[in-house]
Amino acid sequence: HIVVFTHTHRTLLARSPASQMSAVTGVCKATGKACAKASQLKCPFLKFLGHALPASSFDSLSSTFRSHCPFLFKNPPPKNYISQQKTSKFGIRSMSSQSAQLEKTEAKLSESVPQKNKPEGIPNLEGFEQNVKEEVARKLRCDKGKKEMAMSVMESKLQSLKEKGNYRTFVDVERHVGDFPAATWHKSNSDAAVHPIQVWCNNDYLGMGQHPVVIEAMCDATRTCGAGAGGTRNISGTTIYHTLLERELAAVHDKEGSLVFSSGFVANEAAISTIAKSLPKCEIFSDASNHASMIEGVRNARVPKHIWRHNDVEHLEELLQKCDPEAHKLIVFESVYSMDGDIAPIEEICDLADKYGALTYIDEVHAVGLYGEKGGGVAQLRGLSDRIDIISGTLGKAYGVHGGYIAAPAAIIDTVRSFAPGFIFTTSIPPAVAAGALASVQYLRDSNWERDIQKERASFMKKELKKRRIPFIDSDSHIIPVMVKDAKLCKKGADMLMEKFGIYVQPINFPTVPVGTERYRFTPGPLHDEKMIESAVDALDEVWTSLGIDRA
């Protein structure tokens with residue numbers, strides 16, 4: 001049937017004056033009717049056709065041969081070429097205006113073309129069926145080969161990471177309630193392969209994840225409400241714990257409202273992109289060292305963006321001066337930058353925001369709970385909270401639980417709540433998580449002991465590192481980046497610290513930090529006593545000597 005179809009169209013196209021097609025425009029010169037080129041069908045049966053096909057033939061190909069042809073099955077004809085006219089005995093559906101003429105032409109063609117003798121101009125189709133079979137087999141092999149090639153490409157990329165020392169491995173750590181920073185390292189699946197360790201790279205900065213107040217609140221909520229939230233915030237996923245938590249967070253930051261998200265990453269991405277999209281002619285000004293979640297928010301906003309050099313307020317003003325005066329402006333930056341531990345010049349940024357009429361968005365995820373009289377972050381510590389429009393924070397670091405949030409004026413909160421897909425279309429955090437976070441926020445709002453002791457521990461560790469000439473970035477924050485500056489040495493040193501000394505600190509490498517700035521990120525907290533700190537620094541000293549790592 002394929003051969004008959006092809007013969008017929010070849011003859012009609014060659015002989016019918018109504019089929020003088022334009023190869024460029026795809027329009028029949030004689031009738032002005034729409035047509036399309038045979039190449040659009042992507043089918044080996046029609047590769048030898050050099051002419052354009054009448055639009056009606058697409059419908060015929062689809063209805064007659066699609067179920068038998070893998071190429072037409074995968075590449076159906078465009079819908080706008082399908083007609084609803086009757087089908088001739090050759091399987092050709094014609095346009096109504098030409099139906100009668102085509103039937104007469106086909107009748108003459110049937111009588112004039114012998115079965116064995118092909119008319120002049122029709123290509124030799126001997127072995128055509130075998131060629132098609134081979135083409136189909138080749139296509140199937142190609143499809144299978146593409147899948148294998150995809151796996152090979154990914155394996156090659158992973159191998160490259162391993163060779164450069166940037167491949168990341170997870171450490172199976174079992175923390176012990178009431179005994180932090182002590183934990184158990186499950187080295188393998190064997191129950192016997194366990195080792196006692198101390199955790200030194202934890203983001204639970206104050207140990208609130210094990211605080212009795214938090215644990216009891218989570219257990220009570222689970223017994224009361226069950227395990228999960230049961231839906232999105234709009235569909236049965238809002239409990240009294242979520243409401244009270246958002247009310248408490250707004251009070252901590254002295255804002256009209258707050259909104260809780262499933263993570264700090266989602267909070268930043270959803271809030272930044274939604275706020276920028278909601279403002280006409282909005283332009284974003286983003287610090288070069290902003291977290292990946294903020295970068296995603298800027299990218300997904302799809303508005304003009306300007307990247308200012310890290311903490312360089314002069315460069316920020318240069319960019320603001322060049323901006324359209326009529327445009328809305330959003331300045332996004334962090335308070336504490338987690339990899340270097342440095343702190344933003346918040347007051348200077350707020351001055352520029354006031355001068356150029358920009359909104360300010362500050363990420364305080366590494367500061368909430370740790371700084372400020374109520375744990376509201378660095379802006380609160382410096383008396384600048386009222387000059388910040390939107391504050392983002394996390395419930396999974398100093399607060400020791402899980403989730404993220406923003407605090408802002410009511411109009412901004414309601415805009416994000418109403419338009420942000422990252423908030424609308426995701427399941428709410430479990431009520432037990434909201435209850436635990438609420439208990440932690442309330443506790444740290446009133447207690448300064450944890451914050452004060454944490455600062456003392458960080459200061460003591462910096463002094464011990466200086467004594468051993470171990471290089472680190474001496475910032476004003478609680479984060480202590482110990483610099484190795486070599487990916488492979490960083491991984492070897494971390495393995496040695498774990499295996500020999502039971503010191504767990506994760507190597508930080510590309511893409512989290514630039515190549516050549518690899519490091520360990522120590523975060524001593526109130527539960528790391530001075531004896532532990534001395535032992536950890538002694539272990540670092542031995543690793544530096546053993547591996548020949550450069551000293552300060």
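## A walk through sheet, loops and surface

Leu 158 is partly exposed, because its relative accessible area is 40% and that class lies between buried (under 20% relative accessible area) and exposed (over 50%), judged with a 1.4 Å probe and protein chains only. Before going on, please keep in mind that this is a predicted model, in which local features need pLDDT of at least 70 and side-chain atom pairs count only at pLDDT 80 or more, while totals for chains, interfaces and linings use all residues. Residues are numbered from 1 along each chain as its sequence is written, and side-chain values use heavy atoms, with hydrogens and water left out.

Let us stay with Leu 158 for a moment. This residue sits in helix α5, which covers residues 128–164; helices here are DSSP runs of H or I with at least four residues, strands are runs of E with at least two, and both are numbered from the N terminus. Together with Leu 161 and Tyr 167, Leu 158 makes a nonpolar surface patch of about 230 Å². A patch takes residues with over 30% relative accessible area and no salt bridge, joining nonpolar side chains (Val, Leu, Ile, Met, Phe, Trp, Tyr) within 5 Å and like charges within 9 Å. The areas come from the Shrake-Rupley method with a 1.4 Å probe, and for residues only the protein chains shown count as cover. A salt bridge is a side-chain nitrogen of Lys or Arg within 4 Å of a carboxyl oxygen of Asp or Glu.

The surface also carries a patch of negative charge, built from Asp 452, Glu 456, Asp 529, Glu 530 and Glu 534. Asp and Glu count as negative and Lys and Arg as positive, with His and the chain ends not counted; each charge is placed at CG of Asp, CD of Glu, NZ of Lys or CZ of Arg. Helices α16 (449–467) and α18 (530–547) each supply at least two residues of this patch. Asp 452 belongs to α16 and is partly exposed, at 44% relative accessibility.

Now turn to the sheet. Four strands form an open, mixed sheet in the order β3-β4-β5-β14. Its edge strands are β3 and β14, each pairing on one side only; strands pair if DSSP finds at least two bridges between them. Strand β4 (residues 182–186) runs antiparallel to β5 (residues 194–199), and 5 bridges join them. Here Ala 182 stands opposite Gln 198 in β5. On β14 (residues 503–504), β5 pairs in the parallel sense over 2 bridges, with Val 199 partnered by Tyr 504.

The loops have some backbone features to look at too. Phe 180 and Pro 181 are joined by a cis peptide bond with omega of about 10°, and Pro 181 lies in the loop between β3 (173–175) and β4. Another cis bond runs from Phe 510 to Pro 511, with omega near 10°; Pro 511 is in the loop between β15 (507–508) and β16 (519–522).

Asn 311 has a phi of about 60° and lies between β8 (305–308) and α10 (313–322). For Lys 485, phi is near 70°; Lys 485 is in the loop between β13 (480–483) and α17 (487–501) and counts as exposed, at 54% relative accessibility.
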